[in-house]
Number of protein chains: 2
Amino acid sequence: MARIVMKFGGTSVADLDRIRNVAQRVKREVDAGNQVAVVVSAMAGTTNQLVAWVNGISKLHDTKEYDAVVASGEQVTAGLTALALQEIGVPARSWLGWQIPIYTDDVHGKARITDIPGDNLNAAFDLGEVAVIAGFQGVSPDGRITTLGRGGSDTSAVGIAAAIKADRCDIYTDVDGVYTTDPRIVTKARKLDKISYEEMFEMASLGAKVLQPRSVEMAMKHRVRVQVLSSFADVPGTLVVDEDEIVEQHLVSGIAYSRDEAKITLAKVADRPGVAAAIFGPLADAAVNVDMIVQNVSADGKTTDLTFTIGRADLERALQVLRDAKETIEYSQLIPDPAVAKVSVVGVGMRSHAGVALKMFETLAAKNINIQVITTSEIKVSVLIAEEYTELALRALHTVFGLDATA
Amino acid sequence: MARIVMKFGGTSVADLDRIRNVAQRVKREVDAGNQVAVVVSAMAGTTNQLVAWVNGISKLHDTKEYDAVVASGEQVTAGLTALALQEIGVPARSWLGWQIPIYTDDVHGKARITDIPGDNLNAAFDLGEVAVIAGFQGVSPDGRITTLGRGGSDTSAVGIAAAIKADRCDIYTDVDGVYTTDPRIVTKARKLDKISYEEMFEMASLGAKVLQPRSVEMAMKHRVRVQVLSSFADVPGTLVVDEDEIVEQHLVSGIAYSRDEAKITLAKVADRPGVAAAIFGPLADAAVNVDMIVQNVSADGKTTDLTFTIGRADLERALQVLRDAKETIEYSQLIPDPAVAKVSVVGVGMRSHAGVALKMFETLAAKNINIQVITTSEIKVSVLIAEEYTELALRALHTVFGLDATA
């Protein structure tokens, strides 16, 4: 007997037939003698509708109310999935974030899980019940509903897997695994059998939407064996594992991209100590994550231009914050640019091989793609480019780093 | 300064514009210096969609999961309404049933409120906040979400009004008050300025959908001043008050009808002690409310026919229960009839005047409408008739009891 967590994304529970299909998959694991916790997302489209309503009422909304509204989608699928299981003879009940409870901090809209006591779920297993858990949601120290950010159900699943010491955490989705890059753009993309936690974390952070980055971070920390696989096809997926489980190492394992980026340039910022704090302090207070930062050399010794990137969804909020703080920061102009994309090459092989960054820059230069900002880490190099060059960059890099499928 | 509860039904919050309209109405009361608790239903159509999904997955469903799914609709409107208030400068936050908490029993699907501690809401008022409460929902002793039955948001509103000792409980709806009968059927129906708790309770119980019966019961018990009024027009509504506040008494105040009825006949039931318990015990266990009952005189001293009515929505469940209990009950045939309607005349004036029932029966006989079952109470007479005669019966009775508007 094993304990497993099965997580189903929005397309896997998009309608009643698919929910019935999910129930059948769960039943198979139950029939095999396993204890199963199921984590479900909202029906595809539901969250977008709810978010649209919230934005329709209030552009700069109270995130506590956003969470109360948006978390309702997972509540619906949890109940329906429990019913679908009962209907085929599998004892089951739904669990909401506050019922388990899934404790989080109070950063509404992108809360972090702080603790998940396993007691209630363990008691449910003792009763022979499948626990069907509403993903994406938790409860704050104040007893308000929180949500874990887009893709948060992945993190719910891994968190639950850690809490109940699951043997496996299977993430069912609408793709059949993790690819070297987005196969919708690069037809020669290959599915990976295995990927290391570190690489998966970078890929997810850099825009590959197959898993929420925090879920990978949590899996790495608690050594949860995660598998990404299709809920529609019975084919092996991609295992996310320890680096040393991967035999054949490539220099670069994958190429990620993100169009959810926006660039802001503050022109003629005073070049004095404390100015960075004056800019990024208020942004942090408004829960705007700043990603890449570039500060030009001061020409006159007095002012400089400062460029940074944020999530595109935060652009309006960030601009508002910066306008409000104009007097404190002292800048001459605020220049937003939402038409940018981030392209990143990722691979643990980089640690022992220099030259990946150089090869990347040369390849982009050969295609006349201008690099606006660069960031690097031990296992990745990211560049910001104009959005329109995204596909071109991806295909060129996929080829040059030897990732193309040899069909 | 007064404390008021404002309840808005599904059509009043059917889309974002209407939610903004609700916020404006609330703001008016806040600007007048009042402390306001708002109770909202789900957006019109939402609950039906959720119920359809539940029934689509499982016809004889677990009502605990039904509640978890269906309660999500009010969660959405509570959050959106709080946001709409914030957007026009009115401090507000949403409250879910489990957060207040609204304690109920564990009869899922039609739970009864057992207690509402006012502390959290009073604290919110002290902060100058409008409390926007998700109607229709509560929390069971086990910490599961419960719902209060169709129209349950009315009961939430009156319950909240009692808990916070509100001066007024205004029920905003898509009609502008309580009418002598359904104006969509009887064009000469008149709006009542006032109606007594007792009459309102009977009218509501007997099919007038303007208020949930339990809300009236609760208002009567706690002497909550309820007003039914339109959320679209600025016209006076109907006050539900103590009988002695009503000066001009009519013999009959209103005529109610319900098409949500179904009739079941058990043919050749053994005519012996304990048979009623064998029939109605299992139905009660399955939470099927039996309304009218008629037992024919036994022809042979051994068997009899037994006819009773239930809510049409419970028909399938009731038939299942009776089929399962066939051996215990011993009947020859189970005959369901969903094509029936109940028509009732209501008025506190009946207490002091005999002859209302007779006048009713004569009027129906003159129209060749066959009466299948009869029940009476101190202030009402109800008859079960074939559904197709509903309109005819309503119009005839409305005229004969002097309720027609003198245009």
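**Figure 1. Surroundings of Gly10(A) in the predicted model.** Setting aside residues up to four places away in sequence, Gly10(A) touches Ser41(A), Ala42(A), Met43(A) and Ala44(A). The structure shown here and in the following views is a predicted model. Gly10(A) sits in the loop that runs between β1 (3-8) and α1 (16-31) of chain A. With a relative accessible area of 19%, Gly10(A) is buried, since the cut-off for a buried residue is under 20%.

Figure 2. Lys209(A) belongs to the loop between α7 (197-205) and α8 (213-222) of chain A. Lys209(A) is exposed, with a relative accessible area of 67%, whereas Gly10(A) is buried.

Figure 3. Thr47(A) is part of helix α2 (residues 46-57) of chain A, and Glu74(A) is part of helix α4 (residues 72-87) of chain A. Both residues are buried, Thr47(A) at 12% relative accessibility and Glu74(A) with a relative accessible area of 3%.

**Figure 4. Contacts of Thr47(A) and Glu74(A).** Neighbours within four places in sequence are left aside in this view. On that basis, Thr47(A) is in contact with Ala42(A), Val70(A), Glu74(A) and Arg150(A). For Glu74(A), the contacts beyond four places in sequence include Val40(A), Ser41(A), Ala42(A), Thr47(A), Phe136(A) and Ser153(A). A polar atom of the Glu74(A) side chain lies 3.1 Å from the backbone nitrogen of Ala42(A). Ala42(A) is also one of the residues touched by Gly10(A).

**Figure 5. The interface of chain A and chain B.** In this interface, 36 residues of chain A are in contact with 36 residues of chain B. The two chains bury about 3,100 Å² between them, with 65% of that area on carbon and sulfur atoms. On the side of chain A, Ile57(A), Leu83(A) and Trp98(A) lose the most area to chain B, together 22% of what that side buries. Twelve residue pairs are found in polar contact across the interface, both residues being at pLDDT 80 or more, while zero salt bridges are found there. The elements of chain A that give two or more residues to the side touching chain B are α1, α2, α3 (63-70), α4 and β3 (92-95). Of these, α4(A) gives the most, with ten residues. By class, this side of chain A has 20 nonpolar, ten polar and six charged residues.

**Figure 6. Arg214(B) in helix α8 of chain B.** Arg214(B) is found in helix α8 (residues 213-222) of chain B and is partly exposed, with a relative accessible area of 21%. Beyond four places in sequence, Arg214(B) is in contact with Lys110(B), Ala111(B), Arg112(B), Leu148(B) and Thr155(B). A polar atom of the Arg214(B) side chain lies 3.1 Å from the backbone oxygen of Lys110(B).

**Figure 7. Salt bridge of Arg225(A) and Glu245(A).** The side chains of these two residues meet in a salt bridge at 3.1 Å, N to O. Arg225(A) lies in the loop between α8 and β11 (226-230) of chain A and Glu245(A) in the loop between β12 (238-241) and β13 (254-270), so the pair ties together parts that are 20 residues apart in sequence. Both are partly exposed, Arg225(A) with a relative accessible area of 34% and Glu245(A) with 31%.

**Figure 8. Salt bridge of Arg259(A) and Glu387(A).** The closest N and O atoms of this salt bridge are 3.7 Å apart. The pair links distant parts of the chain, 128 residues apart: Arg259(A) is in strand β13 of chain A, and Glu387(A) is in the loop between β18 (380-386) and α13 (390-400). Arg259(A) is partly exposed at 26% relative accessibility, and Glu387(A) is partly exposed at 23%.

Conventions:
Residues numbered from 1 in each chain as written. Chains lettered and ligands numbered in written order. Predicted model: local features only at pLDDT ≥ 70, side-chain atom pairs only at ≥ 80, totals over all residues. Heavy atoms only, no water. Helix = DSSP H or I, 4+ residues; strand = E, 2+ residues; numbered from the N terminus. Buried < 20%, exposed > 50% of the residue type's maximum accessible area, 1.4 Å probe, protein only. Contact = heavy atoms within 4.5 Å. Polar contact = N/O pair within 3.5 Å; in protein donor to acceptor, adjacent residues only side chain to side chain. Buried area = accessible area lost by both parts, 1.4 Å probe. Salt bridge = Lys/Arg side-chain N within 4 Å of Asp/Glu carboxyl O. Nonpolar A, V, L, I, M, F, W, Y, C, P; charged D, E, K, R; others polar.
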